[in-house]
Amino acid sequence: MLYLVLLVQLANFSVLGIAALIFIPIYKGVTMHIMQRFDLEHFLYSIQTYQVTIAYVVPPIVLLLAKHPLIDTFDLSSLRVLHSAAAPLTYDLIEMIYSRLKIPIKQSYGMSEAAPAISTQVSPTFPTPFLK
């Protein structure tokens, strides 16, 4: 049985937050840790302490994970995937985060009117989508 632990720090008042990050995980029985606001050190501490397997992030957080020196002081080995939305990631950023953490990044595109996602990558395409 696959055991999932989800870390949520995105806006839960949006349709994505309500549907994809609250209702679906509850329905599926996924353990969730919800952050009141984003703080990098607390985010990393939560991943390490609660053995988070999936983290929903936005591009500025991906950039922090790719470059910030604090990342090296925490054990992020429990993470199986990062799920990014809100804006597309650049090729360089995808390469930087994968090179540093060896964690695949899944991207989704959506809008409130579509409730919430329009498209998302399936697992065979997201581990290293642009790496040769």
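A nonpolar core is a set of buried Ala, Val, Leu, Ile, Met, Phe, Trp, Tyr and Cys residues joined through side-chain atoms within 4.5 Å. Buried here means under 20% relative accessible area, exposed means over 50%, and partly exposed lies in between (1.4 Å probe, protein chains only). The model is predicted: local features need pLDDT of at least 70 and side-chain atom pairs count only at pLDDT 80 or more, whereas totals for chains, interfaces and linings use all residues. Residues are numbered from 1 along each chain as its sequence is written, and side-chain values use heavy atoms, with hydrogens and water left out.

**Overall architecture**

- The chain contains four helices and six strands; helices (H or I, at least four residues) and strands (E, at least two) are DSSP runs, numbered from the N terminus.
- Along the sequence, these elements follow the pattern β-α-β-α-β-α-β-α-β-β.
- Of the 132 residues in the chain, 39% count as buried.
- Among contacts (heavy atoms within 4.5 Å) between residues at least 6 apart in sequence, 66% join residues at least 24 apart.
- The accessible surface of the chain, by the Shrake-Rupley method with a 1.4 Å probe, comes to about 7700 Å², and 61% of this surface belongs to carbon and sulfur atoms.

**Nonpolar cores**

- The largest nonpolar core has 27 residues, and those with the most contacts inside it are Phe43, Leu44, Leu65, Leu76, Leu79, Leu82 and Ile97.
- Two or more residues of this core come from each of strand E1 (5-8), helix H2 (40-50), strand E3 (54-57), helix H3 (59-67) and helix H4 (91-101).
- A second, separate core consists of six residues, including Leu6, Val8, Leu21 and Tyr56.
- Leaving aside neighbours within four places in sequence, Leu65 is in contact with Phe43, Leu44, Ile71, Leu82, Ile97, Arg100 and Leu101.

**Helix H4**

- The buried residues of H4 are Leu93, Ile94, Ile97 and Leu101.
- These residues cover an arc of only 100° around the axis, which puts them on the same side of H4; the arc is that of the directions from the helix axis to the C-beta atoms.
- An α-helix has 3.6 residues a turn, so residues three or four places apart point the same way.
- Just after H4, Lys102 takes a positive phi of about 55°.

**Lys67**

- Lys67 has its place in helix H3 and is exposed, with a relative accessible area of 56%.
- Apart from neighbours within four places in sequence, Lys67 is in contact with Met96 and Arg100.
- The C-alpha atoms of Lys67 and Leu93 are separated by 9.8 Å, and the two residues are 26 apart along the chain.
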